[in-house]
Amino acid sequence: MDVPKILTIGNSNDKGVWDHGSPVFMEHEPRISIDYLAGRSLAIGPFKEWYVAFDWIYDHGSRKENRANTLYSGLGTDIDTHSRVNLSANFYGRYQWENYGASNEYSWDGYRAQMKYIVPIGKFDNGASLTYIGFTNYDFGSDLHKDNPARTANSLVATNVLLYSFTHLRFTLVGRYFHNGGNWEDGSELNFGEGNFRARSDGWGYYAGVGYQF
């Protein structure tokens, strides 16, 4: 859960809790073990365990037109790679409530295929560990493009994280690649009331973080 821009630090396009932007953004990804509910292992080959999987994303916005509320629900599994790589996969259908005023609000619209992978890199004498964490979301099958040529049926986000962590304190460096980010066609001309501009929905974004784990 994030409270955006709580220290009022950011560029002029960045809005948060104190300057009429979104006061709350959150994402939750629970998975319920089908194996546990069945009382026995349902493993098949490299697929070690099966889950009912969800991904709920909520951006409160400053008003209804700036709000998004999305639920992905489907089937997940953990995959045995016979290596130190931890791999899991989820396949979802998407139900869209609010979506910043887009045409797919309050409907089932598209699917998401998701892969997550974790690779321990090393441990250090000071008690810290270094881990690579990655996940890729491929969204497809949306109808957004049918009534707006600036929208797309698919989008992809690939996130790459280096995590340097102690027992409680952790530091992260993140590189995230977008293709048709937010289902916007890269280079399309847009206007949200403050003049025309070109969408930049393909490319890389970066950020660093410091966190504390209780």
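**View A. Phe-166 and Tyr-164, an edge-to-face pair.** Phe-166 counts as partly exposed, because its relative accessibility is 29%. Tyr-164 is also partly exposed, at 27% relative accessible area. Buried means under 20% relative accessible area, exposed over 50%, and partly exposed in between (1.4 Å probe, protein chains only). The model is predicted: local features need pLDDT of at least 70, side-chain atom pairs count only at pLDDT 80 or more, and totals for chains, interfaces and linings use all residues. Residues are numbered from 1 along each chain as its sequence is written, and side-chain values use heavy atoms, with hydrogens and water left out.

Rings of Phe, Tyr and Trp (its six-membered ring) pair if their centres lie within 6.5 Å; planes under 30 degrees apart count as stacked, over 60 as edge-to-face and the rest as tilted. This rule gives 17 aromatic pairs. For Tyr-164 and Phe-166, the ring centres are 5.4 Å apart and the planes stand at 85 degrees, so the pair is edge-to-face.

**View B. Trp-184 with Phe-192 and Arg-151.** The Trp-184 and Phe-192 ring centres lie 5.8 Å apart, with planes at 65 degrees, so this pair is edge-to-face. Trp-184 is partly exposed, at 21% relative accessible area. Phe-192 is exposed, at 60%. Arg-151 lies over the face of Trp-184, 3.8 Å from the ring centre. A charge sits over a ring if NZ of Lys or CZ of Arg is within 6 Å of the ring centre and within 35 degrees of the ring normal.

**View C. Arg-31 over Tyr-51.** The charged end of Arg-31 is 3.9 Å from the centre of the Tyr-51 ring.

**View D. An aromatic cluster.** Phe-91, Tyr-111, Tyr-138 and Phe-140 are linked by ring pairs.
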